[in-house]
Amino acid sequence: MYRTKKVKAFRTIPVEEAVGTTLAHDVTEVISGESKGPAFKKGHKITSGDLCRLMRMGKNNLYVLDLGDDEVHEDDAVLELAAALSGPGVTFSASPAEGKLELRADYPGLFKVNIQALEEFNMLRDVMCASIHTYTTVKTNQSLAATRAIPLVIHRTDLDAAVNFARENYPIFSVKIFQPLKIRLIITGNEVYNGLIQDRFKAIVEQKTTDLGAVLEEAVILPDDRDMISWQIRNYLEKDTDLIITTGGMSVDPDDVTKAGIEDSGFEQIHYSAAVLPGAMFLLGYHKNTAIMGLPACGLYHRTTIFDLILPRIMAGEKPGSRDLARLSHGGLCLNCKPCRFPACSFGKSG
Amino acid sequence: MEDFETLLKGSAEAHGHLCPGQVVGVRMAMEGCRLLGLDNPRELPQIKKLLVYVEIDRCAADAVSFVTGVKLGRRSLKFIDNGIMAATFVHLETGKAFRIVSRETARGLAHEYAPEIEDKHQQQLEAYKRMSLHDLFTVEEVRVTVKASDMPGPTRFKAVCQNCGQVVRDKREVMKNDRILCRPCALGSYFEPIGTKEKKHV
């Protein structure tokens with residue numbers, strides 16, 4: 001990391017000599033019992049009419065900016081940095097606070113970070129940017145990242161280098177919109193089919209999918225019958241279905257035939273097992289434009305599972321494969337915290 | 001700033017008729033400017049200091065625009081479709097902001113303020129002129145974070161829709177399936193094409 005260059009861009013001058021100079025900081029006015037706020041904002045060019053008010057406020061000396069042609073104040077610099085870093089769905093305030101700007105979500109969706117580019121950006125002189133993890137589900141106005149120039153005044157060449165780098169790698173940050181996918185559900189299990197126990201999977205799946213804007217079009221309960229499961233999947237494929245979800249029957253017992261039923265139904269790309277706990281017996285497959293997810297029964301017990309990691313990606317139009325499922329291994333262990341703080345935890349943050 | 005009657009006359013002319021909504025809007029705007037310490041918002045340098053968010057697209061919104069000089073095309077007037085007779089006045093330099101909401105109870109007080117007028121419309125119009133600000137409005141100091149992409153001034157953000165080629169200004173583009181798209185292409189729109197130049201919704 002480069003060291004910050006020191007720039008002497010501030011001078012202290014008597015207030016009576018300040019006309020025509022530019023304030024280096026906000027000048028706060030406090031009127032007892034009435035108000036407290038900036039009477040003059042940083043960057044304000046002082047006029048002769050301002051002198052009386054400044055003196056009434058007890059200001060005898062002021063810091064003023066004395067910027068050279070190749071120097072940029074931190075507030076101006078951060079606006080340029082934020083603009084270059086923010087891709088679609090990422091927005092920021094027009095008013096930096098203490099030289100910093102937060103980047104926020106303009107709409108709900110899946111936050112994506114070009115991690116390699118972000119790291120390289122932070123290797124550049126006198127700038128920084130920190131973000132939340134990539135693949136996080138975000139809500140409108142949620143804080144995603146923050147950036148700033150390190151010194152109060154940055155050299156134009158250093159700022160340009162950072163801005164140009166971010167532009168060349170555009171977008172370093174973006175939010176992908178969730179699409180209103182049409183989902184059809186198959187709940188498998190002899191015990192549920194025969195009415196020995198009541199299904200709880202439908203409510204869980206419906207809540208998690210509709211929270212992200214999907215529509216649960218249809219749900220059926222089937223016994224652990226390979227042919228019936230396969231037939232039902234093919235039936236769903238003939239309808240306008242974006243995502244088929246099956247629940248149960250994904251493990252290694254003789255009655256666990258859901259995986260076989262999926263394999264029989266025409267899905268070409270099937271990825272079985274994931275390096276995530278809970279959710280190791282997860283299945284993800286694709287057939288043309290339809291995806292299928294086989295959820296293991298752990299989803300009934302654990303509040304957060306692999307389903308919560310993969311569903312947002314599918315909703316955002318991603319097509320995760322075996323490598324993506326393997327990459328989840330680092331950060332793929334849920335700690336079962338009570339209470340659960342997901343997504344504000346390490347689960348699924350493979351980075 | 002001109003006096004109330006002059007502003008009301010000008011506002012009514014600009015809007016097309018004089019109505020209770022004009023009275024409410026003119027008084028709302030005058031109070032908003034007073035709270036922000038702006039006495040000449042329609043001219044330089046104050047014209048660059050004010051941003052107003054109106055929450056209804058009815059008569060009062062035109063009056064607010066007339067009195068303050070804020071305009072949609074200057075990006076100093078923002079329409080937030082809340083269906084509430086309210087406006088928030090933001091001083092861009094100091095960050096101070098006040099939201100003023102028309103009280104629904106004002107309607108019921110009209111006969112007290114103008115008992116000599118029988119016609120309901122005229123009674124409201126006159127009563128809203130005479131009514132105390134306290135009876136007419138609620139006022140709340142608020143904080144408004146104005147996005148850089150919502151600021152007046154030259155266009156600073158441009159993107160090109162990767163489906164239809166339309167230029168999208170001010171960061172209104174969205175990311176869908178790894179493509180940067182305009183909102184009509186990504187989300188559909190309020191219109192349906194009739195001719196041959198059908199825009200494909202992706």
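Reply: Two residues are taken to be in contact if their C-beta atoms, placed from the backbone, lie within 7 Å. Please keep in mind throughout that this is a predicted model.

Me: How many residues does the contact take from chain A, and how many from chain B?

Reply: With that cut-off, the residues on either side of the contact can be counted for each chain. The contact takes from chain A 20 residues, and from chain B 20 residues.

Me: Which element gives the most to the side of chain A that touches chain B?

Reply: On that side of chain A, at least two residues each come from β4 (35-40), α2 (74-85), β7 (90-92) and β14 (173-177) of chain A. The residues of the side of chain A that touches chain B divide into nine nonpolar, eight polar and three charged. The element that gives the most to this side, with four residues, is β14(A).

Me: What distance separates the centres of domain 1 of chain A and domain 3 of chain A?

Reply: Chain A is divided into domain 1 (10-65), domain 2 (71-177) and domain 3 (182-327). Taken over C-alpha atoms, the centres of domain 1 of chain A and domain 3 of chain A are separated by 65 Å.

Me: Does strand β1 of chain A lie largely in the open or is it buried, and which residue in β5(A) is the bridge partner of F10(A)?

Reply: Of the five residues of strand β1 (residues 10-14) of chain A, the number buried is zero, so this strand lies largely in the open. β1(A) pairs with strand β5 (residues 61-65) of chain A in the antiparallel sense, over five bridges. Within β5(A), the bridge partner of F10(A) is L65(A).

Me: Why can the buried residues of α7(A) be said to line one face of the helix?

Reply: The buried residues of α7(A) are I229(A), Q232(A), I233(A) and Y236(A). Seen down the axis of α7(A), these buried residues line one face of the helix because they fall within an arc of 100°.

Me: Which exposed residues does the face of α7(A) turned away from its buried side carry?

Reply: What covers the buried residues of α7(A) includes β15 (182-188), β16 (215-222), β17 (243-247) and α8 (258-264) of chain A. The face of α7(A) turned away from its buried side carries the exposed residues D227(A) and E238(A).

Me: What percentage of the residues in chain B is buried?

Reply: Chain B has seven helices and nine strands, and its C-alpha trace spans about 65 × 40 × 30 Å along its principal axes. Of the 202 residues in chain B, the buried ones make up 38%.

Note on methods. Residues are numbered from 1 along each chain as its sequence is written. Chains are lettered from A and ligands numbered from 1 in the order in which they are written. This is a predicted model: local features need pLDDT of at least 70, side-chain atom pairs count only at pLDDT 80 or more; totals for chains, interfaces and linings use all residues. Ala, Val, Leu, Ile, Met, Phe, Trp, Tyr, Cys and Pro count as nonpolar, Asp, Glu, Lys and Arg as charged, and the others, Gly among them, as polar. Domain bounds come from an automatic or database domain assignment. A residue is buried if 20 or more other C-beta atoms lie within 10 Å of its own, exposed if 12 or fewer, and partly exposed in between; C-beta atoms are placed from the backbone. Two strands pair if DSSP finds at least two bridges between them. The arc is that of the directions from the helix axis to the C-beta atoms.
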